[in-house]
Amino acid sequence: MAKHEELPVPVFKSLEGVYGSGSQLEEAELRFKKLKSKFTEFFGHAPDIYARSPGRVNLIGEHIDYEGYSVLPMAIRQDTIVGIRKVEGGEKVLRIANVNSEKYSLCTYPADPEQEIDLKNHRWGHYFICAYKGFYEYAKSKGIDVGETVGLEVIVDGVVPTGSGLSSSAAFVCSSTIAVMAVMGASFPKKELAQLTCDCERHIGTQSGGMDQAISVMAQSGFAALIDFNPIRAAEVQLPAGGTFVIAHSLAESQKAVTAATNYNNRVVECHLAAIVLGIKLGMSTEEAVAKVKTLSDVEGLCVSFAGKHESSDPVLAVKEFLKEEPYTAEDIEAIINEKLQTVFANSFSSLDVLKVAKHYKLHQRAAHVYSEAKRVYAFKDTVSSDLSEEDILKKLGDLMNDSHYSCSVLYECSCPELEELVKISRDNGALGARLTGAGWGGCAVALVKENIVPQFILNLKEQFFQSRIDKGVIDKNDLGLYIFASKPSSGAAIIEF
């Protein structure tokens, strides 16, 4: 039998197969009815086909996927739905509408897979164009003939909160890619879709590591997943029944694509430079290190060998020995690697943007976070499957989440005051563990809470964190369910024909 990740995206003839029963199904039925009605209002027809992809919450393993390390997310019930229709003949254009047309106006683009995306003029429809370009690039690379380009009519309905750290952009790009694939009559295995959607989000200017797309495409209901990379694969992780994950929005919006040069992509560059410097300090020639070393996982073996001489297997030992804690200037690094930074990153426009604004580079802290966080992911997975009592399992998972947050906050510096406040209030109200989730710099926190206190926990957070924001008019109290909710692991991407 084929492995889960080698199967195609499932096709359903009804919504029950995707959304189950009860209130979740009722909500989905209303959304699809509205989406179909809006599509007809915009374009005069119903869609040919629908695709959906969920958001995700990363339980542990932050900012390490792009360094080649495994992560442990789960899909959430909130998703993005795309309705799509082929337009044969006539003008070849892509017309992309949104159910929330007051906030997101109709976008029109040429039906040209070669078009460049104008990153200086950020439009919401760019995410669909990422998917469109990515689909055609992949089909071409595989020698798959998908015929002539045609016009497409598209409508989008996303309920993953934007800027939340719950991967609204990945849900949008994945559902769009799958919708284009389905309407063009193609079918790719899930693991190839996960890679292709990761690659195409880079068209929007973020150097994504692949976790968000992998879990959105490959998630299975009832399970979190240990996602490995190179190649992408997913292993089911059964979470303990007595614990629930509560997700709460800090209300500080994280605009990953907009702030990439100073935040997200800056950390990618710092990790790359830390890896090159470690490689050189541990015996590689400068030429070899600059040419071959891309991620901290590339030099982990050298770091572990060094640690072995000191009766340890912890790569952080090499970080402490060879990377100074004080920030490096560009000149400091260039003296070590014998190369201009602009030359090292000559093929990456997004990295060159980082170099233009960076004042210094904190190599020690970034590398220490990545190596320690990678260990916590496996400790989390091993704890879940251990012989410990459920009580002890939940406590240990909580401790790992707390350690992860400390590392993200202090070493990786991707937290913010609102997240710090939310994490503290969560712990004060009985969370076994709480941490920022997603890229950080805003967005959400995730808390591990015993099942039997979830309603009271949510109530306490509403009173102690959200009420003051409601009073100030930051959010409407009727929308609170969008900003704090409990979630069990949900299912991944699907195609719906009905």
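1. The largest cavity has a volume of about 90 Å³. This comes from a predicted model. In total, the structure holds two cavities of 30 Å³ or more.

2. Lining the largest cavity are Tyr 19, Gln 24, Glu 27, Ala 28, Arg 31, Arg 77, Gln 78, Asp 79 and Val 159. By class, that lining has four charged, three nonpolar and two polar residues. Helix H2 (22-43) and strand S3 each supply at least two of the lining residues, and H2 gives the most, with four.

3. The second largest cavity holds about 60 Å³ of space. Its lining consists of His 4, Ile 215, Met 218, Ala 219, Gln 220, Phe 223, Ala 224, Ala 225, Ala 234, Ala 235 and Glu 236. Two or more of these residues come from each of helix H6 (211-218), strand S7 (224-228) and strand S8 (233-237). S8 provides the largest share, three residues. Eight residues of this lining are nonpolar, two are polar and one is charged.

4. Pro 73 lies in strand S3, which covers residues 72-87. Because its relative accessibility is 0%, Pro 73 counts as buried, the cut-off being under 20%. Beyond its neighbours within four places in sequence, Pro 73 is in contact with Arg 56, Val 57, Asn 58, Leu 59, Met 211, Ile 215, Ala 224, Ala 225 and Ile 227. Among these contacts, Ile 215, Ala 224 and Ala 225 are also named in the lining of the second largest cavity.

5. How far apart in space are Pro 73 and Pro 489? Their C-alpha atoms are 9.1 Å apart, although 416 residues separate them in sequence.

6. The largest nonpolar core has 158 residues, and those with the most contacts inside it are Leu 59, Phe 128, Leu 152 and Phe 380. Helix H7 (residues 264-281) gives this core its largest share, eleven residues.

7. Leu 59 deserves a separate entry. Leaving aside neighbours within four places in sequence, Leu 59 is in contact with Leu 72, Pro 73, Met 74, Ala 224, Leu 239, Phe 245, Phe 380, Met 401, Arg 435 and Val 446. One of these, Phe 380, is itself listed with Leu 59 among the core residues with the most contacts.

8. A second, separate core has 16 residues, including Leu 15, Leu 25, Ala 28 and Val 99. Ala 28 also lines the largest cavity.

Definitions and conventions
Residues numbered from 1 in each chain as written. Predicted model: local features only at pLDDT ≥ 70, side-chain atom pairs only at ≥ 80, totals over all residues. Heavy atoms only, no water. Buried < 20%, exposed > 50% of the residue type's maximum accessible area, 1.4 Å probe, protein only. Contact = heavy atoms within 4.5 Å. 1 Å grid on protein atoms, 1.4 Å probe; cavity = no way out; pocket = protein on both sides within 12 Å on 5 of 7 lines; lining within 4 Å. Points joined across faces, edges and corners; volume = space filled by probe spheres on them. Nonpolar A, V, L, I, M, F, W, Y, C, P; charged D, E, K, R; others polar. Core = buried A, V, L, I, M, F, W, Y, C linked by side-chain atoms within 4.5 Å.
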